[in-house]
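Okay everyone, thanks for coming.

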Amino acid sequence: MADDYLVRIGKLIRDARQHRGWTQSQLAEALGTSQSAVNRIERGNQNISLEMIARIGEALDSEIVSLGYAGPMHLRVVGGRRLSGAIDVKTSKNACVALLCASLLNKGRTVLRRVARIEEVYRLLEVLSSIGVRTRWINDGVDLELVPPAELNMDAIDAEAAVRTRSIIMFLGPLLHRMDGFKLPYAGGCDLGTRTIEPHMIALRRFGLEVAATEGQYHARVDRAVRPGRPIVLTERGDTVTENALLAAARHDGVTVIRNASSNYMVQDLCFFLEALGVQVEGIGTTTLTVHGVPDIDVDVDYSPSEDPVEAMSLLAAAVVTESELTVRRVPIEFLEIELAVLEEMGLDHDRTPEYFADNGRTRLVDLTVRPSKLEAPIDKIHPMPFPGLNIDNVPFFAAIAAVAQGQTLIHDWVYDNRAIYLTDLNRLGGRLQLLDPHRVLVEGPTRWRAAEMMCPPALRPAVVVLLAMMAADGTSVLRNVYVINRGYEDLAERLNSVGAQIEIFRDI
């Protein structure tokens, strides 16, 4: 029994090491031990202490090892500290997950540069690995290489990983070109209420895909005789819906016109990637996309996704809420112009550098410096709109910003069924937010934040908003079970600490 236990631990450690792209020698060096000792541990031939397991988990930055033995991650936040200096925006979470799905279109080697090391990416990599895609981190764990097999093994799909991400829905578009029938687990992700996949089905039926949902799975069948003979009009201008239609059109032997398409940042990055695969896409940045499909894609491609405008907004909000002067570098400005216009109306003091290009050569970036400002509530309500409107995922950050402004701000989050409800968690920290209905919340400012201990909301952006309020509150707060934050942000606590925050990561042993 003990031997079986050691073998299971060894396999977890080996998988975590390979997931990071390290050799046994590299792990041994990080631990201050020998390569032969690491080899014995991974084969289950050496007793290993809980302390050593924790050290290995820390060295590999692996939730697989640490979660298995030390429980969920929590944050202890000493608030009331001013931030200073400069912080870089990481690559886009939503672009990275779309590109991982898009790699299934390609028979060749795909290299993605500076991929976000986040739980959402890890879950998709587990799914891709389980069906036969060879994935490994290269260049000291900065970049990601993907090499598909000749045939995908969908029967071996890691269902546990798949149900923890809504992004699995974007496998439908590329898979319909690779097989006549397949099964996918139901899409998961944040708890944001009921979100129908019917808009996806309406678009993909035009390529012959029919899906029946039974017993926790999508059962997909493809009729090769069905082809889109007229423009596809999306019933919802959603990001993932547009991406799925693009993925289906990319290998369709013909020209596909997609109308009412999203032109948001992750869609544009996907279009740029498809062009690198040899697929011609006209109308990038507009609501009408014309895709000249390539039925067989077999190229070695190297692509750099752009920076994440929602993370940029998170960092700007951190500076505003903590009344700090902070420079946020590599901000994708064209996807934050409305947000900045609203903040300027509220009285934000900031400046920006001249524009320069992201590593993809297409997305425009600036460096933004935010200074302590006396904010007034905006006259109009805060509400999202499809790009180029205020980004849906940036709406929650305005709850924390409005809480430090003078006056009342109405926030109308009409997209999600219950995300506005989670914003009222700020009341535990001294906020004065009144929920008018599941979509509208009235915020009264300014706020005298106070420390508290609470569970992390089950939705990504409201969870980060709570963390930002804790950073502003005098005293010590505790935010428990922050897996949802790790789904969308890489090393957020450590990076905030680098500019003056005091956030400690801990677990219940």
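Let's start at threonine 110, which sits in strand β3, residues 110-112 (strands are DSSP runs of E, at least two residues, numbered from the N terminus). Quick housekeeping: this is a predicted model, where local features need pLDDT of at least 70, side-chain atom pairs count only at pLDDT 80 or more, and totals for chains, interfaces and linings use all residues. Residues are numbered from 1 along each chain as its sequence is written, and side-chain values use heavy atoms, with hydrogens and water left out.

So, is threonine 110 buried or exposed? Buried, with a relative accessible area of 1%; the cut-off for buried is under 20%, with a 1.4 Å probe and protein chains only. Its side chain makes a polar contact with the side chain of asparagine 106, at 3.2 Å (that's a pair of N or O atoms within 3.5 Å, one able to donate a hydrogen and the other to accept it; residues adjacent in sequence count only if both atoms are side-chain atoms). Leaving out residues up to four places away in sequence, threonine 110 touches several others, including Leu144, Phe273 and Val301, with contact meaning heavy atoms within 4.5 Å.

Now, cysteines. How many disulfides does the structure hold? There are 0, a disulfide being two cysteine sulfurs within 2.5 Å.

Conventions: Helices (H or I, at least four residues) and strands (E, at least two) are DSSP runs, numbered from the N terminus. Buried means under 20% relative accessible area, exposed over 50%, partly exposed in between (1.4 Å probe, protein chains only).
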